[in-house]
Amino acid sequence: MKEIIVKASDAYRILIGHDLLKETGPYVRELGSVSSVMIVSDDRVYALYGETVEASLRSAGFRVFSFVFPNGEKSKNLEVYGQLLNELAKQALTRNDLIAALGGGVVGDLAGFAAATYLRGIRFLQIPTTLLAAVDSSVGGKTAVDLSEGKNLVGAFHQPSLVLSDVDTLETLPEEQYRSGVAETLKYGVIGAEDLFRRWKTTPVKAMYEETVEAAVTMKRDLVEKDEFDRGDRMLLNFGHTFGHAAEACSQYGLLHGEAVAMGMAVITKAAETFGYAASGTAEELTETLRFYGLPVEIPYPKEALLPHLWLDKKGRGETVNLIVPERIGKCRILPVKKEDLGSWLEAGGVL
Ligand SMILES: NC(=O)c1ccc[n+]([C@@H]2O[C@H](COP(=O)([O-])OP(=O)(O)OC[C@H]3O[C@@H](n4cnc5c(N)ncnc54)[C@H](O)[C@@H]3O)[C@@H](O)[C@H]2O)c1
């Protein structure tokens, strides 16, 4: 088992290994003073792993409740969030108690936001079961729900008290969810892990889950410790996301998050090369690798459809948007770009 410590506003451990779900109870015991645990999960994940987590918590002596909602991004909304708050109050969870988020990024974001706000904040445990959640969303404390106007528009920074990353759960991931997680994984390679990126080109991520999750969350840990509230270097994690989010919105969220990120990474890298920021060959190496995993490398929407979403980008600062621009595989920079110039970036990336 690997252990990584994050020293953010609250320090916590990330444990990565096999057979960890069965040990949930003893690990929660180590957090001290918890008596009740609300397991939050979606219907698909709960059917696979709910019983194991619940049994472990019960045999460690906790009162255990569960809140299970329909799987998918459509549930990450204020209505389900409100139902969860009602359930927490109904079961009389106190500030000493704990929410356990068992699932992918949707579960983690929703449960984390409830934990950030119920009784002005209670502790929560992340148990990521998708590759995307294991390498990214379970660490760093960003929690949110979506509004009809856009994704992640209401949320809070609230760090988990513990992350239990049981890589065995990734074995049941559907192929498209695996691919979606691979896109976020490759992102780490481009922003700062050249050697790993080259290994992922020949050794599938699924053949090296433990090592991959450890490397990704170590990088994320370093960025979060330097810049917990996303005003500086943490923005590097946004590589591929500016154009990716716009594509996702154009698809009315029909695209998987990772597919959209893959397109966004390919387009910004091609543009970076055209404008002379990236070394020649960077875009080709990235697109080849994305294709190796069956990920898309072009945005199937015209510039005019994407631009309105880019102007609304919540990571924008007034008249500029911070683009994350590769210089080569393993190194990116944060480049403020005027909103009026985004069209030419899209064009340079092959989006007409
Ligand atoms: N907070 C952050 O820092 C952060 C970072 C990146 C993404 N996100 C958010 O994460 C969300 C996407 O997360 P996701 O891709 O994990 O999606 P998800 O949580 O919707 O999970 C994807 C699907 O896989 C199923 N599933 C999950 N684990 C499984 C398993 N082990 N076996 C079989 N099926 C399983 C789920 O039921 C769901 O249908 C988005 O809402 C995005 O905004 C948050």
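Helix α11 gives the most to the lining of the second largest pocket, with 4 residues (helices being DSSP runs of H or I with at least four residues, strands runs of E with at least two, both numbered from the N terminus). In this predicted model, local features need pLDDT of at least 70 and side-chain atom pairs count only at pLDDT 80 or more, whereas totals for chains, interfaces and linings use all residues. Residues are numbered from 1 along each chain as its sequence is written, and side-chain values use heavy atoms, with hydrogens and water left out.

Both α10 (257-274) and α11 (282-292) supply at least two residues each to this lining. It is made up of 13 residues, and Lys-270, Thr-287, Val-297, Glu-298 and Gly-349 lie nearest the pocket centre. A pocket here is an open set of points on a 1 Å grid over the protein atoms alone, where a 1.4 Å probe fits, with protein on both sides within 12 Å along at least five of seven lines; lining residues have an atom within 4 Å of a point. The space in the second largest pocket comes to about 190 Å³, a volume being that filled by probe spheres set on the points, which are joined across faces, edges and corners.

Turning to the whole chain, there are 13 helices and 11 strands. The radius of gyration, 20 Å, is close to the 20 Å that the globule rule gives for 352 residues, so the chain is as compact as a globular protein of that length (taken over C-alpha atoms; the rule is 2.2 Å times the number of residues to the power 0.38). The C-alpha trace spans about 60 × 40 × 35 Å along its principal axes.
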